[in-house]
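Hi,

Here is the structure I promised to pass on. Have a look at it first, and my notes follow below.

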Amino acid sequence: MKALLKDILYKASLVSVKGDTSTEITHICFDSRAVQPGSLFIAVRGTQTDGHTYIEKAILSGASAIVCEELPGELKENVVYVQVADSAEALGYIASNYYGNPSAKLKLVGVTGTNGKTTTVTLLHKLFRKLGYNAGLLSTVQNQINETIIPSTHTTPDAIQLNKLLAQMLQAGCTHVFMEVSSHAVVQHRVTGITFAGALFTNITHDHLDFHKTFDNYIKAKKKFFDDLSSAAFALVNIDDKRGMVMLQNTLAKKQTFALQSMSDFKGKLIANTLQGLQMEIGGKEVWFKLIGNFNAYNLLGVYGVAILLGEDSEEVLTQLSDLYAAAGRFEQIVAPNGVTGIVDYAHTPDALENVLSTIDSLREGNEQVITIVGCGGNRDATKRPVMAEIACKLSDKIILTSDNPRDEDPMAILDQMMAGVKITDRKKVQVIADRKEAIAKAVAMANPKDIILVAGKGHETYQEIKGVKHPFDDKQTLKNIFTMIND
Ligand SMILES: CC(=O)N[C@H]1[C@@H](OP(=O)(O)OP(=O)(O)OC[C@H]2O[C@@H](n3ccc(=O)[nH]c3=O)[C@H](O)[C@@H]2O)O[C@H](CO)[C@@H](O)[C@@H]1O[C@H](C)C(=O)N[C@@H](C)C(=O)N[C@H](CCC(=O)O)C(=O)O
Ligand SMILES: Nc1ncnc2c1ncn2[C@@H]1O[C@H](COP(=O)(O)OP(=O)(O)OP(=O)(O)O)[C@@H](O)[C@H]1O
Ligand SMILES: N[C@H](CCC[C@H](N)C(=O)O)C(=O)O
Ligand SMILES: [Mg+2]
């Protein structure tokens, strides 16, 4: 793709320019290792290193223009240098401009919040496909252009990937796109320059304090997403979460609310919650849905609100929505030949774990035991480790603490930090088995017919990341394999 440098700089806040911005650009990137002859290289300061240190390498690889916050000491001839106030922000605008601002030509809805983003966007995508639209999806589990699956590496892609995917969606005739907007994405300007038709806030609870440092910063990151919306957009928030109204404080967008417990524009009322699904009063009707757990009543209500705000017919929406299943790895149930139920769920935050375990507890029929297998990811928020172990103990009869994705950390050190949250009186019901497969096998061996085993934290993931290597690992498959070895 070709573009003139001056055209793609639109909206970036320029400090100085050295060279001719009529230069033609044939490629844009922010990783020096991806530079090609004719590239524009944007030098971004990261968490591990600083893109500015790779400017010379980018030029050696053929970059014809550089966007940076600080000009190098020595400037090369035939290279155009554009100094900007914030490279990551400039990258957002440049990426949008380079791909022809696809977001402005789509009905793009962004979903943010600690939990429920994947569930919400996946339901929205399935719903709009059923309503007959060409639609795109950008999620933690996968990206999709109609039914074509494109693997995803992040919850929210970087600005270049994001605009490239949106442009492909537009080309494929998509009219609607549903995407997750992570707090990292907001802070790192991955969505700067993107035009949203609407935004939805699910909730905010403890997570990612490694990155944001304080809960207040984490709230501010989510709020910025709403502050940046235009007056043509809608902002739909869950006001049963006390931060819901905070999101609306400074937005220009049309303010809309949903809730199960408070007065709101979209009000739902949970009537029944079973292992087969939930019943809710919604849009003036009593409807059964196939999703399980109180928290999914919020997700369904949010989806319903978005669909109505996008102009869809209430009855048609509820009919189609009642037929949909959850996203992969979210409360997926597998029953063993001896009647033990296994549940695989992506709960990797204290709030999610508490919600899932409370749901399981409320669905218990007799004195079945709940056996929880849980770990915490390495290179991620360490403060949630003892809290998650404490919650697992509070709401389970037996607990096996194991590894999630240890990444670069020592699995035993993570487990020690989790153990710090286990009360002395709970110690006897906790075992530590670092090997996840062994942990699952042990839980199955301990379970009696009708007991429930929750395997939490990795949901849809098909790998276990250990020291930079992703080893194949699938909780659901592992559980199934072990179940088939049981004689009933
Ligand atoms: C903490 C974080 O968000 N990191 C993301 C960030 O990387 P970074 O800031 O560490 O980058 P860096 O390695 O310091 O490099 C700085 C710059 O130098 C450049 N560079 C580097 C080396 C080189 O040889 N040449 C070169 O040009 C890099 O391309 C980069 O532009 O920017 C990278 C490019 O976009 C991302 O891939 C990377 O995601 C990492 C892999 C990651 O794990 N991110 C997670 C935490 C994340 O983003 N998660 C959220 C979801 C969270 C949730 O809600 O659950 C997500 O949206 O996925
Ligand atoms: N609305 C909700 N409120 C609280 N917990 C929820 C909600 N929806 C889902 N959960 C729990 O959180 C887990 C993750 O759900 P989901 O994948 O939809 O969230 P997410 O926001 O996309 O997460 P991530 O930030 O990792 O992308 C689920 O497996 C479930 O345990
Ligand atoms: N989007 C989240 C996913 C966490 C999933 C969990 N299995 C882990 O690896 O910690 C993150 O990157 O923090
Ligand atoms: Mg997600």
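To get you started: which residue in β10 does G136 stand opposite? The residue facing G136 is I145. Keep in mind throughout that this is a predicted model.

Strand β9 (residues 135–138) runs antiparallel to β10 (residues 142–145), and three bridges join them. L137 has Q144 in β10 as its bridge partner. The two strands make a hairpin, with three residues between them.

Now the whole sheet. It is open and built from eleven strands, in the order β11-β10-β9-β12-β8-β13-β14-β15-β16-β17-β18, with mixed pairing. At the edges sit β11 (148–151) and β18 (285–289), each of which pairs on one side only. On average, neighbouring strands are turned by 20 degrees against each other, direction ignored.

Two helices to look at against this sheet:

- α5 (residues 159–171) lies across β9, β10 and β12 (176–180), at about 30 degrees to β10.
- α10 (residues 294–309) lies across β8, β13, β14, β15, β16, β17 and β18, and runs at about 145 degrees to β16.

On to the ligands. Ligand 1 is surrounded by 19 residues, the closest being D31, G46, Q48, H154 and S182. By type, that shell has five nonpolar, eleven polar and three charged residues.

Around ligand 2 there are 23 residues, and G116, K117, T118, T119 and A352 come nearest. The elements giving two or more residues to this shell are α4 (117–130), α10 and α12 (350–363). So which element gives the largest share of the shell around ligand 2? That is α12, with four residues. The shell divides into six nonpolar, twelve polar and five charged residues.

One last item comes from the record: an unreviewed UniProt entry annotates residues 329–459 as "domain: Mur ligase C-terminal". Over that range the chain is 35% helix and 20% strand, and its end C-alpha atoms are 4 Å apart.

Cheers

Terms used. Residues are numbered from 1 along each chain as its sequence is written. Chains are lettered from A and ligands numbered from 1 in the order in which they are written. This is a predicted model: local features need pLDDT of at least 70, side-chain atom pairs count only at pLDDT 80 or more; totals for chains, interfaces and linings use all residues. Two strands pair if DSSP finds at least two bridges between them. Axes are lines fitted to C-alpha atoms, for helices over the stretch in contact, and angles run from 0 to 180 degrees between N-to-C directions. Two residues are in contact if their C-beta atoms, placed from the backbone, lie within 7 Å. UniProt positions are given in the numbering used here, feature names are shortened, and annotations may be inferred rather than shown by experiment. A residue is near a molecule or strand if its C-beta atom, placed from the backbone, lies within 6 Å of it. Ala, Val, Leu, Ile, Met, Phe, Trp, Tyr, Cys and Pro count as nonpolar, Asp, Glu, Lys and Arg as charged, and the others, Gly among them, as polar.
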